[in-house]
Amino acid sequence: MSRLSIFCLCLLLAGGNAFVNTRPNLQLKKSSHNTKTTKALNVIPEAFTDTPETARTYFYIWFFGGQGGATVALGQFPKQFSKFKSLYDMSDEGPTAAGETVGLSPLCLYPRDICKADVDQVLSNKLSVEQMVEKGPKPNYLSEKGYLCFDSFADANKKCDPLTIRAV
C-alpha cells in the first residue's frame, strides 16, 4: 500500500466522527429549582442526522463531493505547465528593442524584463480591435462573434517581441 493511500485511509477513519456532537451539552436556561435544561448542539439539523451512521453518510457525501475541485485542478496542471514552458521559450524569440525596462516583478514569472520601447511599439498599433478581429485568425467561438482573442492580437502585432505581446 502506498503512503498516499495510507494517508487517505487515515483521513477517512479520523473524519468518520466529524458530525457527531463531541461538545458537552450546553446550559440553555435555568429553572427555579437549580436544574439544568440542556439541548444537544449538532453541526447539521437533526432531521438529517437521526443517528451517527446517517451523519457519517453525509460526511462521506460532502467529503468525496468536494474532491471534484481537486480533480479539475489536476486536469488543468499539464495545460498550465505547457503554457508556462512556452512562455520561457518565447524569451529568445523575435526582435526586441534594447533600452529601459518596465520593471516587472519576479512574481510575474516572466523569464526576463520587457523593454518600454517594445511595449510602446505594441500600444502604438493603429488597428482598432474590430480590425484586428476582422483580419486575424478566428480560432474559437468568441473570436467568430467579434471578440478579440490572443491569436488575432498576436497576428496584428507580428513585428513585435512575442514576450511583450503576451505581457500586454
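A residue is called exposed when its relative accessible area is over 50%, buried when that value is under 20%, and partly exposed in between. The model described here is predicted. Its chain has 168 residues, and buried residues account for 17% of them. The secondary structure consists of eight helices and two strands.

**Overall architecture**

- Read from the N terminus, the elements follow the order α-β-β-α-α-α-α-α-α-α.
- Of the contacts between residues at least 6 apart in sequence, 40% link residues at least 24 apart.

- A pair of aromatic rings is described by two values, the distance of the centres and the angle of the planes.
- The structure contains two aromatic pairs.
- One of them joins Phe77 and Phe81 in a stacked arrangement, with 6.1 Å from centre to centre and 20° between the planes.
- Helix α3 spans residues 67–89, and Phe77 and Phe81 are separated by about one helical turn because they stand four residues apart in this helix.
- Is Phe77 buried or exposed? With a relative accessibility of 57%, which is over the 50% cut-off, Phe77 counts as exposed.
- Phe81 has a relative accessible area of 41% and is therefore partly exposed.
- Phe84 and Tyr88 form an aromatic pair that is tilted, at 5.1 Å centre to centre and with 55° between the planes.
- Phe84 and Tyr88 also lie in helix α3, four residues apart, or about one turn of the helix.
- Phe84 is partly exposed at a relative accessible area of 34%, and Tyr88 is partly exposed at 36%.

- Ser152 is located in helix α7, which covers residues 150–156.
- The relative accessible area of Ser152 is 1%, so this residue is classed as buried.
- When neighbours within four places in sequence are set aside, Ser152 is in contact with Met132, Val133, Gly136 and Pro137.

**Cysteines and disulfides**

- A disulfide is a covalent bond that links the sulfur atoms of two cysteines.
- How many disulfides are counted in this model? The count is zero, on the rule that a pair of cysteine sulfur atoms must lie within 2.5 Å.
- Cys149 is buried, with a relative accessibility of 12%.
- Cys160 is likewise buried, with a relative accessible area of 7%.

**A charge over a ring**

- The charged end of Arg166 is positioned over the ring of Phe150, 3.7 Å from the ring centre.

**The loop between α3 and α4**

- Gly103 belongs to the loop between α3 and α4, the latter helix comprising residues 116–123.
- Gly103 has a relative accessible area of 54% and is therefore exposed.
- How far apart in space are Gly103 and Asp113? Their C-alpha atoms are 6.3 Å apart, while the two residues are ten apart in sequence.

Note on methods. Residues are numbered from 1 along each chain as its sequence is written. This is a predicted model: local features need pLDDT of at least 70, side-chain atom pairs count only at pLDDT 80 or more; totals for chains, interfaces and linings use all residues. Side-chain values use heavy atoms; hydrogens and water are left out. Buried means under 20% relative accessible area, exposed over 50%, partly exposed in between (1.4 Å probe, protein chains only). Contact means heavy atoms within 4.5 Å. Rings of Phe, Tyr and Trp (its six-membered ring) pair if their centres lie within 6.5 Å; planes under 30 degrees apart count as stacked, over 60 as edge-to-face and the rest as tilted. A charge sits over a ring if NZ of Lys or CZ of Arg is within 6 Å of the ring centre and within 35 degrees of the ring normal.
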